[in-house]
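Hi,

Here is the structure I promised to pass on. Have a look at it first, and my notes on what turned up follow below.

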Amino acid sequence: MAEISTNNQPSTGYKQELKRSLTFWDLLIYGLVFMVPIAPFGIYGEVAQGSNGMVALAYLIGMVGMIFTALSYARMSEAFPIAGSVYSYAQRGINESAGFIAGWLILLDYIFVPALLYLVSAAALNDIVPEIPLLLWLVIFIGINTVINVLGIEFTARANKIIVVLELIVLAIFVAVGVTAIIQGVNGAEFTFKPLYNEDNFSMSMVMGAVSVAVLSFLGFDAISTLAEESKGGSKAVGRAIIFSLLVVGTLFIIQTWVAALIWPDYTTFENVDVAFYQIAEIAGGTWMKWMTILATALAWGIADALVAQAAISRILYSMARDRKLPKFLSKIHPKFKTPYASTLVVAAISLIVTTFFASKIGALASVVNFGALSAFLFLHVSVIIYFVKKQKSKNYVKHLVLPLIGFAIIGYVWLNLDPLSKKLGFIWLAFGIVYLIILKVTRKDTSLDLEE
């Protein structure tokens, strides 16, 4: 392929096929939508109990830990502004095989995330309107998002802006109502720093166990890197958007969980941890507040988050297929909309199959997501070190060695605290990937790319 360099973009070695139309703000909003500003609504109870009530601390540690990973994404996205995310970074930073394994691991995250989001949202709405079958909700969600993603990334970006505004409005209403309830002492509420640090209940291993759950809310900032070939803001725009989106959403997570913890200080008395946040919302503002947060969570996850998740995974499939690591038809671009429509349709089909199979196994489906993401992040940090320090002979040891090592250590510690089921299913997936890589190397002699070092 002829190398290109357009719109101040560094040469990538690929023909420019995707449409460059996204600004820094489009990328920032994309990251916010993917991470979902109200994500703690759905998993608050589990994080609160796992952290012994220090839920705000769990999210703070999660944000700090992810900042180092975001910095590594920024470094690699500047060096390689292409659509494959960690697959492309490990491929060029380490070698072809490492790139494939990193891509295979992140697929575990991205492929299952849309299915998980669809399933959780459909289940919530099915509980509200049981007359509508779960399968019909799934078809509606998947159909809407597939059409939007095929129509073009600009259309997706416009939808993202509307969605993120609505989420922020719901969040602002909850915080305002919650603060009012705290001032009035509802349910014995009073201001305290205990949600951030409680010396009597503190244990680092316990908190990190909760962080391994809370970190699910942060997954998605990395997906901004999959839009590198559709950004018109230069190679640094992607990195800036990754870091800023993480800081913004992390701050929102801490605020809303702190308010919730103050309204219901005894985290051991939740009637049902799966709906703990909605119980808190009802205490703070009444039934209308409860239903507003439930509906907001369902629509934010089923439409907004799944929309951007589908866009991200379709571009990773496109990138790997372009490099002949996956079937070639997945790299097909729509002649009019300039989107990877073939991979988008495949993701939709996979989501429908997976949601049908895991309809009663949401926990098992969720458990594999973190394994894939965190494992891929470890490859990312190693890629930064090898590419810049070893290959490029960089002397900026703070940026290209110390910070990635800190990020690797933090992610590694969280990875060690993943539940056993996550690791079991994750290693099974990894084993399939290694076997597939071996088959590729044995049956195809032309799969290696001429990569610049």
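Let's start with the charged pairs. A salt bridge here is a side-chain nitrogen of Lys or Arg within 4 Å of a carboxyl oxygen of Asp or Glu. By that rule there are two salt bridges. Before the details, some housekeeping: this is a predicted model, where local features need pLDDT of at least 70 and side-chain atom pairs count only at pLDDT 80 or more, while totals for chains, interfaces and linings use all residues. Residues are numbered from 1 along each chain as its sequence is written, and side-chain values use heavy atoms, with hydrogens and water left out.

Salt bridges

As background, side chains of opposite charge can pair when their charged atoms come close. (Helices are DSSP runs of H or I, at least four residues, and strands are runs of E, at least two, numbered from the N terminus.) Both Lys 325 and Glu 96 are buried; buried means under 20% relative accessible area, exposed over 50%, and partly exposed in between, using a 1.4 Å probe and protein chains only.

The other bridge is between Arg 75 and Glu 78, at 3.7 Å from N to O. These two are both in helix 3, three residues apart, or about one turn of the helix. Arg 75 counts as buried because its relative accessible area is 13%, whereas Glu 78, at 23%, is partly exposed.

Around His 381

What does the side chain of His 381 pair with? It makes a polar contact of 2.8 Å with the side chain of Ser 72, and the side chain of Thr 69 makes another with His 381, at 3.1 Å. (A polar contact is a pair of N or O atoms within 3.5 Å; within protein, one must be able to donate a hydrogen and the other to accept it, and residues adjacent in sequence count only if both atoms are side-chain atoms.) His 381 belongs to helix 13 (residues 362–391), and Thr 69 to helix 3 (residues 55–79). With a relative accessible area of 0%, His 381 is buried, and Thr 69 is also buried, at 0%. Beyond four places in sequence, the contacts of His 381 (heavy atoms within 4.5 Å) include Phe 68, Pro 404 and Ile 411. Thr 69 has Phe 221, Phe 377 and Ile 411 among its own.

Loops with positive phi

Asn 52, a residue other than glycine, has a positive phi near 55°. It lies in the loop between helix 2 (40–50) and helix 3. Arg 324 has a positive phi too, near 65°, and is in the loop between helix 11 (287–322) and helix 12 (341–357). Arg 324 is partly exposed, at 33%.

The pLDDT (the predictor's confidence in each residue, from 0 to 100) averages 83, and 89% of the residues score at least 70. Among the elements, helix 8 (residues 204–214) has the lowest mean, 80, and helix 10 (residues 276–285) the highest, 92. Residues 1–11 stay under 50, and residues 449–453 are below 50 as well.
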